[in-house]
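User: I'd like to learn how to read salt bridges and pockets in a model like this one. Can you walk me through it?

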Amino acid sequence: MKNNQNILPFVEAFYQLAKEQKNLNKTILLIKETLQAVLNTNFIDFLADYNLDLENKKKALDKIYKKEQLFINWILVLIENKIVRKFDFILKKFIQIYNNENKIVEGNIYFAHKKNLKDLNKITNIISKKWAKKVYLDAKIDGELIGGVKLIVGDNVWDNSILKKLNDLTEELMNKKGLITLDGEY
């Protein structure tokens, strides 16, 4: 945790700089795209490789990010300060600061089958009104769900799936003496 505390000033400073330059909306999109790339590639290994000099990394970053000089310079600062290994954490912190400041909540919603846009919009609107925040849900299909929906927003989990209900019922029956036993005897 102490190492992460040393990283936060880099995130906060870049956030304030992007905000002052009125580049925050563009930067948040760039941050989210980069986070997806970081999670699905070995990009951090490339950035943290001490066998590659900073100039070669800068050339590669120029090709990737073209005219996003502010973002490129920030990454170079992270490399020079030897904290780029935590790049995924850094990007997530930036998103968290942005979301907090703009009253945005992001989460995942899991359906058993085909994504139902009508249900997704209804659930999103309910949560938005309840929390007085903008809510963005990433809809996914979970093959383990029999039916219903499972919602994860931050640390909150709402599981209204048939699988959850069956598990709850099984547990309830097992806890009631005499109704069901594991060895088959009543």
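**Salt bridges, then the pocket**

Analyst: Let's start with a case: the side chains of Glu101 and Lys19 meet in a salt bridge, with 2.9 Å from N to O. The general idea is a side-chain nitrogen of Lys or Arg within 4 Å of a carboxyl oxygen of Asp or Glu. Bear in mind that this is a predicted model, where local features need pLDDT of at least 70, side-chain atom pairs count only at pLDDT 80 or more, and totals for chains, interfaces and linings use all residues. Residues are numbered from 1 along each chain as its sequence is written, and side-chain values use heavy atoms, leaving out hydrogens and water.

User: Which parts does the pair of Glu101 and Lys19 tie together?

Analyst: Glu101 sits in helix α6 (residues 87-101) and Lys19 in helix α1 (residues 2-20), so the bridge joins parts 82 residues apart in sequence. Helices (H or I, at least four residues) and strands (E, at least two) are DSSP runs, numbered from the N terminus.

User: How many salt bridges does a search of the whole structure find?

Analyst: Six. Among them is Lys26 with Glu68, whose closest N and O atoms are 3.0 Å apart.

User: Is Glu68 buried or exposed?

Analyst: Buried means under 20% relative accessible area, exposed over 50%, and partly exposed in between (1.4 Å probe, protein chains only). Glu68 comes out at 18%, hence buried. Glu101, at 38%, is partly exposed, and so is Lys19, at 36%.

User: What does Lys32 form a salt bridge with?

Analyst: Glu106, with 2.9 Å between the closest N and O atoms. Here helix α2 holds Lys32 and strand β1 (residues 104-111) holds Glu106, 74 residues apart.

User: Now the pocket: which residues lie nearest the centre of the largest one?

Analyst: On a 1 Å grid over the protein atoms alone, a pocket is an open set of points where a 1.4 Å probe fits, with protein on both sides within 12 Å along at least five of seven lines; lining residues have an atom within 4 Å of a point. In this model, 24 residues line the largest pocket, and Ile95, Asn99, Glu106, Gly107 and Asn108 lie nearest its centre.

User: Which element gives the largest share of that lining?

Analyst: That's α6, with seven residues. The elements giving two or more residues are α2, α6, β1, β2 (134-141) and β3 (148-153).
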